Each structure stands twice: as C-alpha cells, then as structure tokens.
Amino acid sequence: MTLSWPSGGSTKPYGIEVIDFRRQIDAAWQDLPGPGPLRWASFFFTLFALALLLSVAAAQVFFSCAGLCYAIDLIRRPRAPKFPPIKLPLALFCILTVLSIGWAENPAVGWTAVRKLTLFLIILFAVNLLTSQRHLVFIYRLMFVESALAGLVAAAQFVLQYRQMRAEHPGQFYYYMTLMRIHGFMGHWMTFGGQQMLIFIALAAYVMGAPRNPDELALSPPAPAMAQHAPKFRRATLFWWVILAIVFASLVLNFTRGVWLGCAIALLYLVARWRTRLLWALPVGAVAIYLAAPSLLRERLQTLIHPSTDPAITVRFEMWHVGLAMIRRHPLVGVGPNNINEVYLAYLPRGIVPVAAWHEHLHDVYLQLAAERGLPCFAAWLWLMGLLGWHSYRIRQKLAQDNAAGAIWIADGCFAGWLAFVAEGFFEFNFGTTPVLMVFLLLVSVPFKLADLEVTSHGSAQRTDSRF
C-alpha cells in the first residue's frame, strides 16, 4: 500500500507545493470534514497547532474552541472518539497525580498540575480532528516556517544582548550572556529551546526523508507528466535547507546544553535511518563547529568538563540531592505537585546554604515526578512514555513495510522527537513546561493518526486519499 495525495486538490508533491502556500491552504481546507461543528473543530485545532510557536495564549484559545466544537459534534452525533492504546497508564498517572495533592504542604498550588492534565486532550483531538496526510504536511510546513521566523527574532535578540553585555559587563560577559538568553516569541529561553528542538528534529526528518522525486509518490497525473517541475524540486529543497540552517543557528545561540544533547541523539537516529553513510560526518561536524565557534560557545561546552565553575550545573547537583531525599522520605505520594519550592530547604543537609537559584523544580523530569508525586505515579508516567515511544517506532516500521513513502519521514521525526524529549528530561523538567509539552503531545499523537489513515486506506480499495 502506498499513501497518496487526495485527488481533489493540488497534485504537486512536497518539493513543489511549498512554492505556493495559497494553493496549500486551499487544499488543506478541502480536506477538512463537511460543513458543521466537526469542520470547525478541525479548523480551530489546525490554528492551535500553528499558534504554538507564536503565542501560547492564542493557542489556548484555539484549543478551547476546538474542544467546544468537537463536544457539540459528539452531542449531535453520539459516538466513541478514537484514542490511542495508552488509556490505562494515562488514567493511572492522572489519578495518582490528583491523589498526591492530599499530602502536599500547600495543596492549593498543586491544582495547577491537575489543570495541566487537560493538555492530554491534544492526543484525543489530533487523532480525531486531523483529516489527511496532506493536512498533516501542511501543518508541519507552516510550523517549520514559523520556527525559522522565531529563530530570526531570536538572532536579533542575541545581537542586541551581545552588544549590551559587552558594554555593561565586560568582566562577566559569559555569566550575563547565559543568565538571560534568547527566547524568540516565548517568555523563557528554556521554553523556546524546547520547542525549537522538537521542530528542528521534525524538519531534519523532512529534509532527509521526504520524497523529492515524483516517481517516489503515487500521484495523479502520472510521474512522467511531472518532469517539467524538476527545477522547482531543487529550489524547494534549497528553501528547506535554509530554513533548517536558521532553526539550527537559533538552537546554538540559545546556549541550552540539554537541548543540544536532545538534538544530537535525535540526529544520530535520523542519519542512521536515512543517511547511514554520513554517520561519520556527525562527530566530524561537531568538532568542526567547536573549533570554528567563538569563545563564548566554547566556554559553554568547557564548563561540562569543570562543572564547579558553572552555577547552573552546581545547583543541579544540589537539586538532585534534595530530590532523592524527598523520594526516600515520601516514596508513595511525594511532597505534592508544584510543592518542591515549598519544602526545599527542609531537605537540604543541616548547615548547608542553598545555591542562589530558582528552586521551583529539580531540573530533571524523572526526579521531579518521583519527588513531587511519588514512585507509583512516576512508574505510571514511565509506562505512558514508554508506550508512546514504542507505538511511534512500531508504526514507523509498519509504514516502511507498506512503502508509505510520504509518511515515513513524519513517523521518524516523531520518534526522534520522543528520543530528544526523553534525553533532555535528564537535565530539565520539560514535561512541566506547558508550551513545550503541547508541542510534544501534538508530535507524539501524529503516528497514531498515520496508522489510522493507513487503516482507512486499506479499508477502501476505491479511495486514493487518506481521509476519514
């Protein structure tokens, strides 16, 4: 089976269609469900995805509108929504999160974590409101462009900050450059870095794995009729490489080492999948970047060899020690969601003055969840995350077996993003950062949608599209 484009819209494949965004918008609108609440739910969910990198407030508004329209449609046409096979661990994680509030020092602040559980509706909406492979690719492409736009804004921020710190703090230049970093359209550099990391990985999968030759896709008209578009394929490919370079530069200038680690692991997977012969280029490229990098970047990496010279690393060691103490004393229910800062000093060794830093969380998603919600809740979360990764990989393998050329790169980007998120979690509480979590949940939902589209295509021999 080979997934193909819907026959009602443009017949231009990936590399060509990027030239004309107007035609892509028209085609994506055609793929939405028929008139009614479900169409508006799908429309608002699309806007939600496209707003994630630009404005969290706007994304939340569109998310609420999508939920309202979808609820109206379910009331009008009662049916069971589709949901991936992760219900049991997700339910356990949510229930145990709520229960842990009962033992918190300050239960009031814990309810923020409970409200955040509603973000898992992203998975439900993605599986039920994304309508076709073309719809998915349309969202991806616009998010790639938005990520580059955010990267350009961040680059401008870096230039302004560089000049200011050089003038005001020449003796402590590195410290102040890393104290307040570039953040694009987001309010914090960690949020910006986490989002850019996930989009960069999806974009890298697109550049490496998306079909470039019309012969690789089942298109109508036949591939020979598309030969005239070959120059446009080359121009479109260059366009996405430029976009990739801009996003990559923004990640470098973000100076977030956990994000760099996540990107490195994800790129290792993607290159091993799509460009195995170029695996040698990864370490060579890393060394070349380091040697050619300015002193500011090299100093950022050298602190990993001498962690005592970097307050950001020093405070992490302290936080991890505190987190382990919390787990030992409260292994079943933790200290309560969002209560780390409330009880932090009580878990420091006697006579130790805490490092001056932000102590709202432990900068480690694994220690954080175990310490604030208990080991049973942490085990449910590990189960949930493990299932998301396993299903993503399994679906990718199934698409490859079915020769779904236009969908494999999407699944690969999702699995690579999962790898990066898991790796970065050792040094940051990324699961607790709402804007990053929203992008992550959207991406890990996509493989389940691809599997559903594949089943739909198998189930209707007369169809050439992949819509519901």
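Figure 1. L124 is placed in helix α7, which covers residues 121–129. In this predicted model, L124 has a relative accessible area of 15%. Because buried means a relative accessible area under 20%, L124 counts as buried. Apart from residues up to four places away in sequence, L124 touches P81, K82 and F83.

**Figure 2. The chain as a whole, as a setting for the close-up views.** The chain contains 20 helices and zero strands. It has 468 residues, of which 55% count as buried. When contacts between residues at least 6 apart in sequence are considered, 78% of them join residues at least 24 apart.

Figure 3. Helix α5 runs over residues 87–100, and S100 belongs to it. The relative accessible area of S100 is 1%, so this residue is buried. A polar atom of the S100 side chain lies 2.7 Å from the backbone oxygen of T97. Beyond its neighbours within four places in sequence, S100 is in contact with V333, G336 and P337, and also with E372 and R373.

Figure 4. I246 is found in helix α11, which comprises residues 230–254. Is I246 buried or partly exposed? Its relative accessible area is 22%, so I246 is partly exposed. Once neighbours within four places in sequence are set aside, the contacts of I246 are A148, G151 and L152. The C-alpha atom of I246 is also separated by 8.6 Å from that of S147, a residue 99 places away along the chain.

**Figure 5. Close-up of the buried face of helix α14.** Helix α14 consists of residues 295–302, and its buried residues are L296, L297 and R300. Seen down the axis of α14, these buried residues fall within an arc of 100 degrees, so they line one face of the helix.

**Figure 6. Close-up of the packing of helices α17 and α18.** Two packed helices are described by the angle between their axes and the distance between the axes. Helix α17 (residues 365–373) packs with helix α18 (residues 375–401) at an angle of about 140 degrees, and their axes are 7 Å apart. The two helices α17 and α18 are therefore oblique to each other. On the α17 side, the contact is made by V365, Y366, L369, A370 and R373. The residues of α18 that take part are L375, C377, F378, W381 and L382.

**Figure 7. Close-up of helix α19.** Helix α19 has 20 residues, numbered 405–424. From its first C-alpha to its last, α19 reaches 30 Å, which is close to the 28 Å expected at 1.5 Å a residue. Of the 20 residues of α19, 19 are buried, so this helix is largely enclosed by the rest of the structure.

Notes: Residues are numbered from 1 along each chain as its sequence is written. This is a predicted model: local features need pLDDT of at least 70, side-chain atom pairs count only at pLDDT 80 or more; totals for chains, interfaces and linings use all residues. Side-chain values use heavy atoms; hydrogens and water are left out. Helices (H or I, at least four residues) and strands (E, at least two) are DSSP runs, numbered from the N terminus. The expected span of a helix is 1.5 Å times one less than its number of residues. Buried means under 20% relative accessible area, exposed over 50%, partly exposed in between (1.4 Å probe, protein chains only). A polar contact is a pair of N or O atoms within 3.5 Å; within protein, one must be able to donate a hydrogen and the other to accept it, and residues adjacent in sequence count only if both atoms are side-chain atoms. Contact means heavy atoms within 4.5 Å. The arc is that of the directions from the helix axis to the C-beta atoms. Axes are lines fitted to C-alpha atoms, for helices over the stretch in contact, and angles run from 0 to 180 degrees between N-to-C directions. Angles under 35 degrees count as roughly parallel, over 145 as roughly antiparallel, 65 to 115 as roughly perpendicular and the rest as oblique.
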